[in-house]
Amino acid sequence: MQQPIAILDSGVGGLTVVKEVMRQLPREKIIYFGDTARTPYGPRPAEEVTRFTRQIVEYLIQYRPKMIVIACNTATAVALEDIRSRVAIPVVGVIHPGARAANSRTQTGFVGVIGTEGTVRSGAYEQVLKHLSPSTQVYSLACPRFVPLVEQGNFRSKETYDVVESSLQPLKERAIDTLILGCTHYPFLSETIASVMGKDVALISSADETAREISTILHDRNRLTRDGELPVHQFFCSGDHRMFRMIAQDWLGEQIELTPVVWQVPKIV
């Protein structure tokens, strides 16, 4: 029986990673959990985000995954090492891949990072970027209004453009040439973000780079699935399953097998 790749996120944002894994590794089976009942994670205390992440991992581990992908920047920033200490399989986050790609892409050394309040507060991207290149100038900006837009399926409206434009104004005043989309929800808004920032600013999606890292790790461990029939992926969500299904099917371009999950422990919302 094929062991799946387990991917988890605070909501629908991790579907950007799913789409890239499906494109780059079409034979790999994916199980995905979106914690839409408790999204967004960004404003929550680190201890709470860590507890939620543990809970999702405990749920997904019953499916015997060969790898866990924390496709949430906030959860990666605060819970990655905790989860690695609890499971015996590889655990991949989304911060290091995105930072490495930005470091390779920037020509001026001026890099912007947009993310949730939790991700920006953690300083995780700045730490990795400075480790890779100490001279890099990093300008971080929390954009808390972006995730609710994505979770509502509101990607291309006039309201969305206005929110993105006003939120990114502080970064437009900086001479950055590279902008990390430091939340996996943000690629849903990439067209609008690119329009606001202009053609001279390269956007770095942590989703694209994370999928490449997944491929590399599985290849190195000889765990890639190379043949057989195309897999049937499984999706789980803890909140509004109708909205999740609509967004997922629109983004992935195909029907999905979705199971709503009701937590057996009290939810903090």
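**Annotated sites and helix packing**

Let me begin with Y41, which lies in the loop between β2 (30–34) and α2 (46–60). Helices here are DSSP runs of H or I with at least four residues, strands are runs of E with at least two, and both are numbered from the N terminus. The model is a predicted one, in which local features need pLDDT of at least 70 and side-chain atom pairs count only at pLDDT 80 or more, while totals for chains, interfaces and linings use all residues. Residues are numbered from 1 along each chain as its sequence is written, and side-chain values use heavy atoms, with hydrogens and water left out.

Y41 belongs to a set that UniProt, in an unreviewed entry, lists under "binding site": D9, S10, Y41, G42, N73, T74, T184 and H185. These residues span 177 residues in sequence, yet no two of their C-alpha atoms are more than 12.1 Å apart, so they gather at one spot. D9, S10, Y41, G42, N73, T74 and H185 from this set are included in the lining of the largest cavity. A cavity is, on a 1 Å grid over the protein atoms alone, a set of points where a 1.4 Å probe fits but cannot get out; lining residues have an atom within 4 Å of a point. UniProt positions are given in the numbering used here, feature names are shortened, and annotations may be inferred rather than shown by experiment.

C72 itself is found in the loop between β3 (67–70) and α3 (73–84).

I turn now to the backbone. Most residues other than glycine have a negative phi, and most peptide bonds are trans. Against that background, the peptide bond from T39 to P40 is cis, with omega near 0°. P40 is placed in the loop between β2 and α2, the loop that also holds Y41. R64, in the loop between α2 and β3, has a positive phi of about 55° although it is not a glycine.

Finally, the helix pairs. Axes are lines fitted to C-alpha atoms, for helices over the stretch in contact, and angles run from 0 to 180 degrees between N-to-C directions.

Helix α4 (residues 95–105) packs against helix α6 (residues 124–132) at an angle of about 45°, their axes 9 Å apart. The two are therefore oblique to each other; angles under 35 degrees count as roughly parallel, over 145 as roughly antiparallel, 65 to 115 as roughly perpendicular and the rest as oblique. Their crossing is right-handed, a term used if the near helix is turned clockwise from the far one by less than a right angle. On the α4 side, the contact (heavy atoms within 4.5 Å) involves I95, H96, G98, A99, R100, A102 and N103, which meet A124, Y125, V128, L129 and L132 in α6. By class, this contact has eight nonpolar, three polar and one charged. Ala, Val, Leu, Ile, Met, Phe, Trp, Tyr, Cys and Pro count as nonpolar, Asp, Glu, Lys and Arg as charged, and the others, Gly among them, as polar.

Helix α8 (residues 158–172) and helix α9 (residues 190–197) pack at about 50°, with axes 9 Å apart, which makes α8 oblique to α9. This crossing is right-handed. Among the contact residues are Y161 and L168 of α8 and I193 and V196 of α9.

Notes: 1 Å grid on protein atoms, 1.4 Å probe; cavity = no way out; pocket = protein on both sides within 12 Å on 5 of 7 lines; lining within 4 Å.
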